[in-house]
Amino acid sequence: MILTICKDYEEMSRKAASLAAESIHENPSALVSFPGGDTPLGMVHAFADMVNTGEVDISKARYVSLDEWVGLSDKDEGSCGLFNRTELLGRLQKPFLDTHILNGAAADIETERKALDAYIAQYGPLDVSVLGIGMNGHLGFNEDGVDFSLNAHIIPLSETTKTVMTKYFGEKFHPEYGISQGIAQIMAAKKVILIANGAHKAEILEKALRGEVTNRVPASVLQNHPNCYVVVDEAAAARL
Ligand code: GLP
């Protein structure tokens with residue numbers, strides 16, 4: 001693991017965007033995945049700026065969703081899909097060659113899951129997977145107790161995630177499940193970039209990076225990834 005402690009959120013965001021762009025420089029046909037949530041907002045804006053100024057050429061690269069709340073589509077406030085479309089894809093003046101955005105509201109979620117696996121099998125492995133970390137150490141929706149050998153799957157949301165999720169959509173939605181790339185697909189990525197900011201992430205980051213590797217803290221599996229960058233701000237790094 002290569003740990004970079006940045007002075008603030010902006011520096012963290014720029015650093016993570018540059019690392020992601022490097023993967024596309026190395027392989028113009030890269031398969032790329034970014035997380036939803038609050039953490040990556042600055043990173044996806046910085047990445048879009050790099051695309052729009054010509055610093056990185058994504059015209060041969062592909063983008064795939066990491067995860068989604070089951071029951072929410074990319075039209076729904078607080079969904080990962082809407083985040084992708086508004087904050088990343090909608091800002092790009094030069095688009096990705098192709099995108100695969102999960103629809104958590106699909107009538108047949110199992111077909112949606114299979115399609116995610118098929119897309120990653122066809123165009124993968126991921127060249128770069130940018131990840132946030134949940135308050136319980138989840139990656140995507142790989143919640144505590146997840147089987148590390150899984151590819152894409154549908155998983156019950158943990159109580160921690162159900163508490164935290166109101167920050168995205170208040171009481172409007174009450175999802176019980178998530179659909180997510182699996183740890184097997186994340187671990188097969190050629191590069192992983194874990195980003196975190198804020199004092200509220202300090203304790204779980206310490207567990208994930210300094211504690212034992214255990215599925216009780218899914219992000220701890222990244223200790224075993226051969227090319228993992230951890231990019232955090234000073235507040236999140238307080239206990240490292
Ligand atoms: C969410 C998403 C993850 C995200 C994580 C952290 O529930 N499923 O993909 O990385 O939790 O979110 P945030 O960045 O808002 O803290």
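Q: What is Val146 in contact with, leaving aside its neighbours within four places in sequence?
A: In this predicted model, Val146 is in contact with His153, Ile155, Ile183, Asn215 and Pro218. Each of these has heavy atoms within 4.5 Å of Val146, which means that they count as contacts.

Q: Why is Val146 counted as buried?
A: The relative accessibility of Val146 is 4%. Buried means under 20%, so Val146 counts as buried. Val146 lies in the loop between E6 and E7. Met187 is 41 residues from Val146 in sequence, and their C-alpha atoms are 14 Å apart in space.

Q: Where is the place of His138, and what makes His138 count as buried?
A: His138 is in the loop between strand E6 (128–131) and strand E7 (153–156). The relative accessibility of His138 is 12%; the limit for buried is under 20%, so His138 counts as buried.

Q: What makes the pair His138 and Thr161 a polar contact?
A: The side chains of His138 and Thr161 are joined at 3.2 Å. A polar contact needs a pair of N or O atoms within 3.5 Å, one able to donate a hydrogen and the other to accept it, so the pair is called a polar contact. Thr161 is also among the residues that His138 touches, along with Gly132, Ile133, Glu143 and Pro218, not counting residues up to four places away in sequence.

Q: How do you know whether Ser158 is buried or exposed?
A: Ser158 has a relative accessible area of 13%. This is under 20%, so Ser158 is buried. Ser158 lies in the loop between E7 and helix H5 (159–164).

Q: Which side chain makes a polar contact with the side chain of Ser158?
A: The side chain of Asn136 does, at 3.1 Å. Not counting residues up to four places away in sequence, Ser158 touches Asn136, Glu143 and Asp144.

Q: Why is Ala105 called partly exposed?
A: Ala105 has a relative accessible area of 38%. Buried is under 20% and exposed is over 50%, so Ala105 falls in between and is partly exposed. Ala105 lies in the loop between strand E5 (98–100) and H4, where Ala105 touches Gly71, Leu72 and Ser73, not counting residues up to four places away in sequence.

Q: What kind of peptide bond joins Gly124 and Pro125?
A: The bond between Gly124 and Pro125 is cis, with omega about 5 degrees. Most peptide bonds are trans. Pro125 is found in the loop between helix H4 (109–123) and E6.

Q: Which of the 15 residues around the ligand come nearest?
A: Thr39, Asp67, Lys167, Tyr168 and Lys201 come nearest. An N or O atom in the side chain of Thr39 is 2.4 Å from an oxygen atom of the ligand. For Lys201, a polar side-chain atom lies 2.7 Å from an oxygen atom of the ligand. For Asp67, a side-chain N or O atom is 2.8 Å from a nitrogen atom of the ligand.

Q: How much of the ligand does the protein bury, and where does the ligand sit?
A: Taken alone the ligand exposes 390 Å², and the protein buries 96% of that. The ligand sits in the largest pocket. Strand E4 (67–69) and helix H6 (166–169) are the elements that give two or more residues to the shell around the ligand.

How values were computed: Residues numbered from 1 in each chain as written. Predicted model: local features only at pLDDT ≥ 70, side-chain atom pairs only at ≥ 80, totals over all residues. Heavy atoms only, no water. Helix = DSSP H or I, 4+ residues; strand = E, 2+ residues; numbered from the N terminus. Buried < 20%, exposed > 50% of the residue type's maximum accessible area, 1.4 Å probe, protein only. Near = heavy atom within 4 Å. Areas by Shrake-Rupley, 256 points an atom, 1.4 Å probe, with all protein chains shown as cover. 1 Å grid on protein atoms, 1.4 Å probe; cavity = no way out; pocket = protein on both sides within 12 Å on 5 of 7 lines; lining within 4 Å. Sits in = over half its atoms within 2 Å of the grid points.
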